[in-house]
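This report is written for a reader meeting the structure for the first time. It treats selected residues, the aromatic pairs and the interface in turn.

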Amino acid sequence: MMVSPFDHRQDRELGEALRAVLSADDDTRFVEGVLARAGELQDDVYGVAWWEVLSAWARPGLVAAAAGLIAGITIWLSGMSGSTESMVALGDPLMPADEAGLPSALFAASQPPELNEVLALVMGN
Amino acid sequence: MEDAELAALAHAGDREAFGELVRRFAAQARRVARAVLGSDADADDAAQDAFLAALRNLGRYDPTRPFGPWLMRIVANAATDRRRRQKVRTAEQISPQTPSPGPRPDQVALRLEFHSALKAALQSLPERRRIAVVLFDVEGYSHQEIAEVLNIPVGTVRSDVFHARRALRSVLAEWKNPKEEIV
């Protein structure tokens, strides 16, 4: 059926002729090209810029560094002020029993001493 | 899945959804770009630019409206911009087509000649009329949708389609009667 230029319906015959003239071969290759270009531009389109990645890591990084610094200073200061006590505390078990203030009889016995015996020795000491 | 849903997914970073949109609209976008640009290579470049521009601007797409006209507006703009930038108009190309085993060589030659004449008639039209008639008669868009694509009143679209049809119909009639089979 002939369609008048005044007709408000689609002119199928003209449409098909124009489609044949304008249609391109190989849409698949075109689609692949577009998607490849989109992939190349992924940082612009989907991703984030490198400075945004760094700034995202900056805050936790600073907090971790500050915590480490505080811990280091605390350990260093405590080491300076209490070094003598800690050395004595470490040395006690290695010292001879007499020097540590414990009766040598307690260590010389082959059997564990009775509680009363230990208390008597300690009180007597 | 609807175009608007795919657009929302693509906007959220779903590349598969964007790929599906490109597959759906590739042929249409290439035809509209070809209606504006004489060179097929330029038309494909413009269509590609349009898809990438659409991807970047998916946030501006209103999902309550059809996706096709929104995209076609970008395609038409990309093609028009490219055409304006062209300093030297490229010679019209006849796309190389391998003769299929069906029709005889003389029929193939006639078809190519007819296509060339129709394409020349299309290219002789003002750009807006070309886009309007292709969107209406080839792609099936409504006058209202084309008005949105071209940012012109609906009445102007009707007028453009009418004038374009009249010019193209004369070429069609010239070729149709003696060479009925070539269309």
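In this predicted model, B:Gln123 belongs to helix α5 of chain B, which covers residues 105–124. The relative accessible area of B:Gln123 is 9%, so the residue is buried. Its side chain is in polar contact with the side chain of B:Arg130, at 3.3 Å.

Over all chains, the count comes to five aromatic pairs. One of them joins B:Tyr61 and B:Trp70, whose ring centres are 5.3 Å apart; because their planes stand at 50°, the pair is classed as tilted. Both B:Tyr61 and B:Trp70 are buried. These two residues also belong to a cluster linked by ring pairs, together with B:Phe25 and B:Phe67.

The report now turns to the interface. The size of an interface is often given as the accessible area lost when the parts come together. Between chain B and chain A, the buried area is about 3700 Å², and carbon and sulfur atoms give 67% of this area. Three arginines, B:Arg30, B:Arg165 and B:Arg169, supply 18% of the area that chain B buries against chain A, more than any other three residues. In terms of contacts, 43 residues of chain B meet 35 residues of chain A.

Three salt bridges are found across the interface of chain B and chain A. A salt bridge is formed by A:Asp27 with B:Arg30, and the closest N and O atoms of this pair are 2.5 Å apart. Across the interface of chain B and chain A there are also eleven residue pairs in polar contact, both residues of each being at pLDDT 80 or more.

Which helices of chain B each supply at least two residues of the side that touches chain A? They are α2 (15–36), α3 (40–56), α5, α6 (127–138) and α8 (154–176). The largest share, eleven residues, comes from α2(B). By residue type, the side of chain B that touches chain A divides into 21 nonpolar, six polar and 16 charged residues.

Apart from neighbours within four places in sequence, B:Asp137 is in contact with A:Arg9, A:Gln10, A:Asp11, A:Leu14 and A:Gly15 of chain A, and with B:Arg165 of chain B.

The last topic is backbone geometry. Most residues other than glycine have a negative phi. A:Asp26 has a positive phi of about 60° although it is not a glycine, and a positive phi of about 60° is likewise found at B:Asn151, which is not a glycine. A:Asp26 sits in the loop between α1 (12–22) and α2 (27–40) of chain A. B:Asn151 occupies the loop between α7 (143–150) and α8 of chain B.

Relative accessible areas for residues discussed above are set out below.

| Residue | Relative accessible area | Class |
|---|---|---|
| B:Gln123 | 9% | buried |
| A:Asp26 | 38% | partly exposed |
| B:Asn151 | 58% | exposed |

Key. Residues are numbered from 1 along each chain as its sequence is written. Chains are lettered from A and ligands numbered from 1 in the order in which they are written. This is a predicted model: local features need pLDDT of at least 70, side-chain atom pairs count only at pLDDT 80 or more; totals for chains, interfaces and linings use all residues. Side-chain values use heavy atoms; hydrogens and water are left out. Helices (H or I, at least four residues) and strands (E, at least two) are DSSP runs, numbered from the N terminus. Buried means under 20% relative accessible area, exposed over 50%, partly exposed in between (1.4 Å probe, protein chains only). A polar contact is a pair of N or O atoms within 3.5 Å; within protein, one must be able to donate a hydrogen and the other to accept it, and residues adjacent in sequence count only if both atoms are side-chain atoms. Rings of Phe, Tyr and Trp (its six-membered ring) pair if their centres lie within 6.5 Å; planes under 30 degrees apart count as stacked, over 60 as edge-to-face and the rest as tilted. Contact means heavy atoms within 4.5 Å. Buried area is the accessible area (1.4 Å probe) that two parts lose on being put together, summed over both. A salt bridge is a side-chain nitrogen of Lys or Arg within 4 Å of a carboxyl oxygen of Asp or Glu. Ala, Val, Leu, Ile, Met, Phe, Trp, Tyr, Cys and Pro count as nonpolar, Asp, Glu, Lys and Arg as charged, and the others, Gly among them, as polar.
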